[in-house]
Amino acid sequence: MDKIIDILDSIAYEKGLKVEEVETALKEALIKTAEKMVDETLTFDANIDRENKKLELSQKVEVVPDGDSRSLGLDEEGNSINPENFIELSEAQEIDPDLEVGDTVDYDLEFENMGRNAATILHSNFEYRVQRYLEETLVSKYKNKIGKTINGTVTRVDRQENTFVEIGEVKGMLPRKSRIKGEFFKVGDTVKAVVKAVNIDKANGLIIELSRTAPKFLESLLRAEVPELKDEIISIEASARIPGSRAKIALTTTDPSVDPIGSIVGVKGVRISAVSAQLHGENIDCVEYSAIPEMFISRALSPAIIQSVKIEKPADGNDKGKAVVTIPSDQKSKAIGKAGLNIRLASMLTRYEIELVEVGGSTTTSSTSDNQEVEKTTDTASLEALFK
């Protein structure tokens with residue numbers, strides 16, 4: 001016990017924990033051991049005396065008025081309790097005349113007298129509590145990295161094709177659903193992904209959930225490639241992805257002299273091509289953000305040229321409104337895009353349900369029933385849930 005302080009300092013240094021956390025873990029473990037070895041109905045306290053390098057364990061007894069039912073083993077409701085947790089005032093003042101009702105009397109206990117199993121139980125309890133503090137520290141550390149890109153080495157791929165990655169002192173898992181279609185990893189590969197969530201699994205301990213399909217992964221890759229994003233001269237206001245196929249990002253700038261789209265694309269497209277190459281050739285469309293919904297929706301549907309946009313507020317108070325977009329017939333295919341990708345991404349980017357109203361060119365009349373055709377987007381709720 002005379003080396004206990006040095007041992008605690010050493011454990012704190014090796015585990016990367018605060019000394020106070022390790023001390024608390026030991027005190028909690030000591031109290032738990034005393035309850036196990038002596039009596040779990042008694043009240044114990046532990047203290048670490050750094051000056052004398054001693055570990056102190058004591059039983060705490062509360063001072064109650066003479067004749068109080070608690071000293072006889074009954075609480076206020078008549079339930080049975082341990083009377084050894086209480087001492088009457090007259091008896092307590094024989095120990096110390098200055099004691100009053102509500103004070104506590106501490107009886108020192110010798111840990112060495114608790115039996116040979118006490119050390120084993122103490123070690124087990126202490127190790128468990130240190131591990132909990134370590135997990136809490138790591139959870140806090142990696143929660144601050146949610147939305148940021150990290151690198152790791154593949155250590156295992158299970159039967160469900162979940163990829164397990166070693167990230168420093170913790171494990172990362174890249175689920176199959178969070179992997180870009182067509183990607184395959186084997187043991188030893190280096191994986192770059194964004195931290196999506198931090199979870200504690202009973203079987204595997206702390207698990208960092210990774211994603212290569214989240215829009216945040218695209219944003220993180222762009223920040224690494226474009227200095228103006230890192231310096232916050234340009235901001236990504238919104239992003240949407242259909243991983244491995246196509247993505248859209250909405251950009252703003254705080255400097256009027258900076259072209260946000262040109263800066264992201266780079267000279268001859270070198271910047272955006274470098275990011276696209278890391279996403280299995282995913283096409284990335286850049287649009288300029290606008291706080292005016294009609295203008296933003298119009299830009300989000302590029303390369304289609306829009307005639308007009310009308311916003312319809314939802315009657316049920318849903319935050320996702322509806323945009324009725326009038327479009328020339330020769331622009332319809334551009335607005336929808338291959339396999340509907342363009343209109344789906346525009347809906348995800350702007351967070352509006354988009355309805356296309358096709359106008360039949362020069363033959364358009366005021367009678368919309370004869371010359372207009374309505375094209376509605378498919379439901380994108382499931383896609384948003386999967387990729388946001």
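Is glutamate 232 buried or exposed? Glutamate 232 is exposed, with a relative accessible area of 62%; buried means under 20% relative accessible area, exposed over 50%, and partly exposed in between, with a 1.4 Å probe and protein chains only.

The views below show a predicted model, in which local features need pLDDT of at least 70 and side-chain atom pairs count only at pLDDT 80 or more, while totals for chains, interfaces and linings use all residues. Residues are numbered from 1 along each chain as its sequence is written, and side-chain values use heavy atoms, with hydrogens and water left out.

**View 1. The whole protein chain, with 13 helices and 16 strands.**
Helices (H or I, at least four residues) and strands (E, at least two) are DSSP runs, numbered from the N terminus. The protein chain has 388 residues, of which 43% count as buried. Of the contacts between residues at least 6 apart in sequence, 58% join residues at least 24 apart. Contact means heavy atoms within 4.5 Å.

**View 2. Helix H1 (residues 4-15) packed against helix H2 (residues 19-37).**
The axes of H1 and H2 are 9 Å apart, and the packing angle is about 120 degrees. This makes H1 oblique to H2. Axes are lines fitted to C-alpha atoms, for helices over the stretch in contact, and angles run from 0 to 180 degrees between N-to-C directions. Angles under 35 degrees count as roughly parallel, over 145 as roughly antiparallel, 65 to 115 as roughly perpendicular, and the rest as oblique. H1 and H2 cross in a right-handed sense; a crossing is right-handed if the near helix is turned clockwise from the far one by less than a right angle, and left-handed if anticlockwise. H1 contributes Ile4, Leu8, Asp9, Ile11 and Ala12 to the contact, and H2 contributes Val19, Val22, Glu23 and Leu26. By class, the contact of H1 with H2 has seven nonpolar, no polar and two charged residues. Ala, Val, Leu, Ile, Met, Phe, Trp, Tyr, Cys and Pro count as nonpolar, Asp, Glu, Lys and Arg as charged, and the others, Gly among them, as polar.

**View 3. Alanine 119 in helix H4 (residues 117-143).**
Alanine 119 counts as partly exposed, at 44% relative accessibility. Threonine 33 is 86 residues from alanine 119 in sequence, and their C-alpha atoms are 8.6 Å apart in space.

**View 4. The crossing of helix H5 (residues 215-225) and helix H8 (residues 270-277).**
The two axes come within 10 Å and cross at roughly 140 degrees. H5 and H8 are therefore oblique to each other. The crossing of H5 past H8 is right-handed. Leu218, Leu221, Leu222 and Glu225 of H5 meet Arg271, Ala274 and Val275 of H8. The contact of H5 with H8 comprises five nonpolar, no polar and two charged residues.

**View 5. The loop between helix H6 (227-230) and strand E10 (234-242), with glutamate 232.**
The phi of glutamate 232 is positive, near 65 degrees, in a residue other than glycine. Most residues other than glycine have a negative phi, and most peptide bonds are trans.

**View 6. Helix H9 (residues 293-300) beside H11.**
The axes of H9 and H11 come within 9 Å and cross at roughly 150 degrees, and the crossing is right-handed. On the H9 side the contact is made by Phe296, Ile297 and Ala300, and on the H11 side by Asn342, Ala346, Leu349 and Thr350. These residues divide into five nonpolar, two polar and no charged.

**View 7. Proline 303 in the loop between H9 and strand E13 (308-312).**
The peptide bond from serine 302 to proline 303 is cis, and its omega is near 15 degrees.

H11 is followed by arginine 351, which lies in the loop between H11 and strand E15 (353-359). The phi of arginine 351 is near 65 degrees, a positive value in a residue other than glycine. Arginine 351 counts as partly exposed, at 45% relative accessibility.
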